[in-house]
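Subject: Structure for you to look at

Hello,

Here is the structure I said I would pass on. Please open it first and keep it beside you while you read the notes below.

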Amino acid sequence: MAVRFVLPGPLRELAGNREEVRIDGGAGSVLDALELLWSRCPAVRDRVVTELGEVRPHVNIFVDGESIRYTGGLASAVPDGAEIFILPALSGG
Amino acid sequence: MPETRHVTPRSGDTLLLVGTMKGAFIFRSTDRGSWEMGGPHFPGSAVYAMAYDGRAGRQRLWAGPQSMHWGGVLRSSDDFGRSWTNPEEANVKFPEGTAAALRQIWQIVPGRESEPDTLYAGVEPAALFVSRDAGESWTLDEALWNHPQRPRWEPGGGGLCLHTILLDPSRPGRIRIAVSTGGMYVTDDGGSAWHPSNTGVRAEFLPEKYPEFGQCVHKVAQSRQRPERLFLQNHWGLYRSDDNGDNWKDVANDVPSDFGFAMAIHPEDPDSAFIVPLESDQFRCTPEGKLRVYRTRDGGGSWQALQRGLPQEDAFETVLRDAMAVDSLQPAGVYFGTRSGKLFGSPDEGDEWTELADGLPPVVSVRAVTLGRG
């Protein structure tokens, strides 16, 4: 099983200047997949989730184009070969 | 992202560390008359807290940039901002079991000269963090976090923030903090036990006007020469204490309003302090469209409007709680920034003012540093 993370510009430096990170391993849920990402790119974790383990309020995660806000959050299923985008939300001022 | 300009400070220079809603800027001057601007650092991030640590031979800047998207970490620079640390793991974070997550770093304060590796950070939600290893790791002050009154603290307009940390220069264990909205708390044992310190401070917005705690303290300033002397700018109310904060006396004499945020005390004279009154909590702008700093020379017995060089027409400005600072030179320099992105400075204790910058993002913090003089 494999998933492919696509990281936004501000996180790439923290992931060894990579835009994409391919993860091999069992990832039944988004949380599983993120745990695998943290093990490969530990500096990305605290930028994406808070110390409570919740996705930061102005960060969006998409699995194959669907926002996990509408598919079960971190428990959302991750199919084999999924493409997971981590993106800053359209917020600011 | 914008290109960041850098300054190259020298010994004896005055630096202004200016935190804004969209990044940080560093101003440098040799004569406090002409200024060179560097920045923006951390473009896009809110920088509510900056500090300079000149202890133990360091020349270290600290900043607490908070990205709306990616959270906040404490970052430091030993080359005046040409490079900044970027810790892999967030260095200020609430431990498991607190059910809390960091929202903003509001204050960074280096410890005493006798403890050169100690630093303090005040954050939102209101809590105090301490580092004993020069900022490598930080721990929550559990006694304050577990204080039985903490669950009854309420967030003000800026959030539930611990925004002021004062280290008593005459008592090694005494630390004073202020929370909006919770009031002031003091420890005499370095942070193992805390007690409220609000006697005489009014809480206009509560049914009981003089509660033990719950006041919305906006800023507190402490004299280095007479540490028992403190000034306090409250959410309505201007106070002075001459007994280490055990009792507070109203000193809102001859001011257009006793509402405001910013406050600074003279570096040498315990009778001199500076404020920027705002019209009211409903209209948080300078009264009459005039930008005026008020200065007392007699401990708050009277306040004098300082306005030479400041706009006196259609100037509906707001100066926030950490956006005013004094340097350590003689005569003292006074500096402040506005929510409209202006930065003003006076090299003569407020008599004459000059606009140092216009068009900055909203200014939320200003710190003045004299290199080589602490």
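This is a predicted model: local features need pLDDT of at least 70, side-chain atom pairs count only at pLDDT 80 or more; totals for chains, interfaces and linings use all residues.

Start with strand S5 of chain B, residues 60-67. Seven of its eight residues are buried, and the strand is thus mostly covered.

Which strands pair with S5(B)? One partner is strand S4 of chain B, residues 46-53, which pairs with S5(B) in the antiparallel sense over six bridges. In this pairing B:Met50 stands opposite B:Ala63. S4(B) and S5(B) form a hairpin, with six residues between the two strands. B:Ala56 lies in that turn and has a positive phi of about 55°.

Another partner is strand S6 of chain B, residues 71-72, again antiparallel, with two bridges.

Strand S7 of chain B, residues 75-77, runs antiparallel to S5(B) and is joined to it by three bridges. B:Trp62 stands opposite B:Ser76 in S7(B).

Now the contact between the chains. Chain A supplies 15 residues and chain B supplies 11 residues. On the side of chain A that touches chain B, helix H3 of chain A (residues 42-48) gives the most, with four residues. By type, the residues on that side of chain A are seven nonpolar, four polar and four charged.

Regards

Methods. Residues are numbered from 1 along each chain as its sequence is written. Chains are lettered from A and ligands numbered from 1 in the order in which they are written. A residue is buried if 20 or more other C-beta atoms lie within 10 Å of its own, exposed if 12 or fewer, and partly exposed in between; C-beta atoms are placed from the backbone. Two strands pair if DSSP finds at least two bridges between them. Two residues are in contact if their C-beta atoms, placed from the backbone, lie within 7 Å. Ala, Val, Leu, Ile, Met, Phe, Trp, Tyr, Cys and Pro count as nonpolar, Asp, Glu, Lys and Arg as charged, and the others, Gly among them, as polar.
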